[in-house]
Amino acid sequence: MSGFAVAGWGKALPERVITSTELAERFGVDEHWVVSRCGIHERRAVDPGQTTASLAIDAGRAALARAGLTGADIAHLIVATATPEQPSPATSAFVHHALGIGGGAMDVNSECAGFVYGLVAAMGILRMDRRPILLVGSDTHTLTVDPADRDLSILVGDGAAAVVLVPGPEDPVLAWNLGADGSCADALKVQAGGSRMPTTPETVAQGLHFAQIKGNEIYLNAVRFTVRTVRETLERAKISPAEVDHVIPHQANIRIINSVMQHSGLRPESLITNLDRYGNTASASVPLALTEALDADRIKAGELVLLAGFGAGMTWGSVLMRWGGTA
């Protein structure tokens, strides 16, 4: 017996909404230009006092309640985030304490591919230790973007979502694939604040603690690497793209998503997206779309669900599951 099931899920979204109308007025552009560029009508942003950990705690608490478990029942906590609570300790330490989790805790920083990476890590841990795992994706990228940066400001949003994985008799995962290419690390980065470039008054004055993106490079590589990981996972599972019932990609940009769907041969009607309402929520985007699909009862037992993500680094990954229902 080496399988698992999803016993609970939950999400946390800030109440503050930033509409594309508001951003269009701020940057002196037409709202249609904003929406046509990214497919996002509105996104959520944290208020003062809300953080990556506080969103993760709320999402984790909701997932535990749905599973009928408490933090003490969780053997391992994994928090996927690229916007940590602070440089040290890991964000998972704060979540661990707040939820009263009894087991281990760690962060995964694979940027927007973080939840998929975390899921694969959780699968491996579950095979060695048959106890429940809480997996959370949480990011607050609105806090890392220069308010004057139009291109990134229209894309990002904040949010968190979590799932509780418990041991089960069936292994729902048919295949998975992870990859990375560090030669692309310069395409999307927060340059200052680490050991390579410690924060100084000069780095702050130059705005090097804000995220910087090379949009065209990210676009091309995101499509290329996501199509690659989807193909490799489907080939390993011996499943054709047309057989996939539901595709939940990283919610980055509707042009990237549509290009990935087209070049992968995936059916347009299989796409699950909430990009228009939340924007790019980074590590939270895949689990947010998954939890909303489960709440809406869109995913039925026995259906094939493909999760795929890509992020800065660059990193990418995908997991194909035959949904086994909930524990």
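# Briefing: sheet, cores and cysteines

In β5, V108 is the bridge partner of A80. The model described here is predicted. The pair A80 and V108 belongs to the contact between β4, residues 76–80, and β5, two strands that run parallel and share five bridges. Five strands make up an open sheet of mixed pairing, ordered β1-β7-β6-β4-β5. A search of the whole structure returns zero disulfides.

**The sheet as a whole**

- The strand order of the open sheet is β1-β7-β6-β4-β5, and its pairing is mixed.
- β1 and β5 each have a single partner strand and stand at the edges, so one side of each has no neighbour in the sheet.
- On average, neighbouring strands of this sheet are turned by 20° against each other, with direction ignored.
- Helix α3, residues 52–67, packs on the sheet and touches β1, β6 and β7. The direction of α3 makes about 130° with that of β1.

**Strand β4 and its partners**

- Strands of a sheet pair through backbone hydrogen bonds, in either a parallel or an antiparallel sense.
- β4 pairs with β5 in the parallel sense over five bridges, and five bridges also join β4 to β6, again running parallel.
- On the β5 side, V79 has D107 as its bridge partner, while I78 stands opposite M106.
- On the β6 side, H76 stands opposite I133.
- Between β4 and β5 the chain passes through helix α4, residues 91–99, and this β-α-β crossover is right-handed.
- β4 is mostly covered, with five of its five residues buried.
- In a regular strand the side chains alternate between the two faces of the sheet.
- In β4, H76, I78 and A80 lie on one side and L77 and V79 on the other; all are buried, and both faces of the strand are covered.

- A105 lies in β5, which spans residues 104–108.
- The relative accessible area of A105 is 39%, so the residue is partly exposed, between the limits of 20% for buried and 50% for exposed.
- Residues up to four places away in sequence aside, A105 touches L77, S92 and H96.
- A105 and Q206 are 101 residues apart along the chain, and their C-alpha atoms are separated by 35 Å.

**Nonpolar cores**

- The largest nonpolar core has 33 residues. Those with the most contacts inside it are L119, V163, L165, I248, I299, M321 and W323.
- At least two residues of this core come from each of β1 (3–12), α5 (114–128), β6 (133–140), β7 (158–168), α11 (285–295), β12 (304–311) and β13 (315–322).
- With nine residues, α5 gives the most to this core.
- L119 is in contact with L135, L165, L307, V319 and M321, leaving aside its neighbours within four places in sequence.
- A second, separate core has 30 residues, including A45, L152, I257 and L304.

**Cysteines**

- No disulfide is found anywhere in the structure.
- C38 is in no disulfide; its nearest cysteine sulfur belongs to C112 and is 14 Å away.
- C38 has a relative accessibility of 0% and therefore counts as buried.
- The closest cysteine sulfur to that of C184 is also in C112, and the 14 Å between them is too far for a bond, because a disulfide needs the two sulfur atoms within 2.5 Å.
- C184 has a relative accessibility of 6% and therefore counts as buried, the limit being under 20%.

**S264 in helix α9**

- S264 is in helix α9, residues 254–264.
- The relative accessibility of S264 is 7%, so this residue counts as buried.
- Its neighbours within four places in sequence aside, S264 is in contact with V227, V230 and P241.

Key:
Residues are numbered from 1 along each chain as its sequence is written. This is a predicted model: local features need pLDDT of at least 70, side-chain atom pairs count only at pLDDT 80 or more; totals for chains, interfaces and linings use all residues. Side-chain values use heavy atoms; hydrogens and water are left out. A nonpolar core is a set of buried Ala, Val, Leu, Ile, Met, Phe, Trp, Tyr and Cys residues joined through side-chain atoms within 4.5 Å. Buried means under 20% relative accessible area, exposed over 50%, partly exposed in between (1.4 Å probe, protein chains only). Helices (H or I, at least four residues) and strands (E, at least two) are DSSP runs, numbered from the N terminus. Contact means heavy atoms within 4.5 Å. Two strands pair if DSSP finds at least two bridges between them. Axes are lines fitted to C-alpha atoms, for helices over the stretch in contact, and angles run from 0 to 180 degrees between N-to-C directions. A crossover is right-handed if, with the strands pointing away from the viewer, the path from the first strand over the helix to the second runs clockwise.
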